[in-house]
Amino acid sequence: MEYTNLLIEKSAGVATLTINRPKALNSLNSSVLDELLDAFTALGQDGDVKAIVLTGSGEKAFVAGADIAEMAEMTVQQAKEFSRKGQRLVNLIGQLSKPVIAAVNGFALGGGLEMALACDFAYASENAKVGLPEVTLGILPGFGGTQKLGRLIGRSRANELIFTGKMLNAAEAREWGIVNAVFPLPELLDKALETAGKIAGNGQLGVAHAKDAVRSGLDMCEADGMNYESLHFGALFASADQKEGMRAFLDKRKPAFTGN
């Protein structure tokens with residue numbers, strides 16, 4: 001698929017995926033969602049990509065939200081289909097075997113925050129602002145925000161953010177646990193790429209199994225989650241990467257992981 005709204009760069013096992021609609025503050029319309037679904041599917045299948053950094057173009061916005069001009073005239077059925085398309089995207093990001101880091105460079109509102117929540121974790125620039133302002137438009141978050149935010153920061157704080165529609169600045173977003181760290185804007189992408197590079201250097205089977213154990217375990221009781229973790233732990237001992245990683249440790253050398 002040829003992308004008109006996305007830029008993709010790959011280097012040393014890390015893919016940088018940039019939403020490139022700066023004049024529209026990288027807002028999400030149906031075409032952008034279709035391109036993102038295709039791009040994340042392709043990156044998930046690319047054996048050379050071990051980690052992904054998601055960001056927006058320009059210095060103002062990660063993603064300022066869904067495209068209100070497109071949504072304004074939607075019918076009930078069209079709105080439901082639009083919501084489900086956004087949900088397919090955030091579910092795809094979460095289900096990828098490869099970690100996805102959000103580099104939130106400015107506004108992450110509505111669907112933009114929902115995309116960041118779908119990533120495995122997020123870094124933000126000092127000028128970032130996050131929020132779910134959908135109620136100020138007479139609607140509610142439709143790309144998973146009502147489900148994912150409470151699981152991340154707790155029901156009470158999620159309710160406050162969703163019901164008021166207020167925005168948090170970068171420092172508040174870190175305090176609330178929405179982003180892991182805050183950096184000056186010129187440093188943000190480099191910091192995200194640095195972390196992605198560290199992840200790419202680890203055993204990718206271990207990373208993939210760990211991601212699934214964390215994600216799936218959150219929907220289980222603790223006892224079932226512990227059992228699920230043990231299944232993953234044991235399965236990895238059939239891999240070449242486990243043997244290489246432990247042998248390299250004993251030999252005091254850097255492991256040469258192959259993903260097998």
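Modeller: Happy to! Helices and strands here are DSSP runs, numbered from the N terminus: a helix is a run of H or I with at least four residues, and a strand is a run of E with at least two. What you see is a predicted model, in which local features need pLDDT of at least 70 and side-chain atom pairs count only at pLDDT 80 or more, while totals for chains, interfaces and linings use all residues. Residues are numbered from 1 along each chain as its sequence is written, and side-chain values use heavy atoms, with hydrogens and water left out.

Now for your salt bridges. The term means that a side-chain nitrogen of Lys or Arg is within 4 Å of a carboxyl oxygen of Asp or Glu. By this rule the model has 12 salt bridges.

Let's begin inside a helix. Asp212 and Arg215 form a salt bridge, with an N to O distance of 3.0 Å. Both residues belong to helix H9, where they are three residues apart, about one turn of the helix. To describe how covered they are, we use relative accessible area with a 1.4 Å probe and protein chains only: buried is under 20%, exposed is over 50%, and partly exposed is in between. Asp212 counts as buried because its relative accessibility is 18%, and Arg215, at 35%, counts as partly exposed. Helix H9 (residues 204–217) also holds Val207. At 18% relative accessibility, Val207 is buried too. If we set aside residues up to four places away in sequence, Val207 touches Pro99, Ile199 and Asn202, where contact means heavy atoms within 4.5 Å.

The next pair reaches across the chain. Arg21 and Asp67 form a salt bridge in which the closest N and O atoms are 3.7 Å apart. Arg21 sits in the loop between S2 and H1 and Asp67 in the loop between S4 and H2, so this pair ties together parts that are 46 residues apart in sequence. Both partners are buried; Arg21 counts as such because its relative accessibility is 16%. Beyond its neighbours within four places in sequence, Arg21 has contacts that include Asn5, Asn26, Val32 and Ser57.

Strand S2 (residues 14–19) runs parallel to S3, joined by six bridges; two strands are said to pair if DSSP finds at least two bridges between them. One example is Leu17, whose bridge partner in S3 is Leu54. Strand S3 (residues 51–56) is mostly covered, with six of its six residues buried. Ala51, Val53 and Thr55 point one way from S3, and Ile52, Leu54 and Gly56 point the other way.

Six strands make an open sheet with mixed pairing, in the order S1-S2-S3-S5-S7-S10. Its edge strands, S1 (6–11) and S10 (181–183), each pair on one side only. From one strand to the next, the twist averages 20 degrees; axes are lines fitted to C-alpha atoms, for helices over the stretch in contact, and angles run from 0 to 180 degrees between N-to-C directions. Within this sheet, S5 (residues 100–104) and S7 (residues 121–125) run parallel and are joined by four bridges. Helix H8 (residues 185–200) packs on the sheet, touching S2, S3, S5, S7 and S10, and its direction makes about 155 degrees with that of S7.

Lys166 and Glu160 meet in a salt bridge of 2.7 Å, N to O. Lys166 counts as partly exposed because its relative accessibility is 31%, and Glu160 counts as partly exposed at 35%. Finally, Glu244, Arg247, Asp251 and Arg253 are linked in a network of salt bridges.
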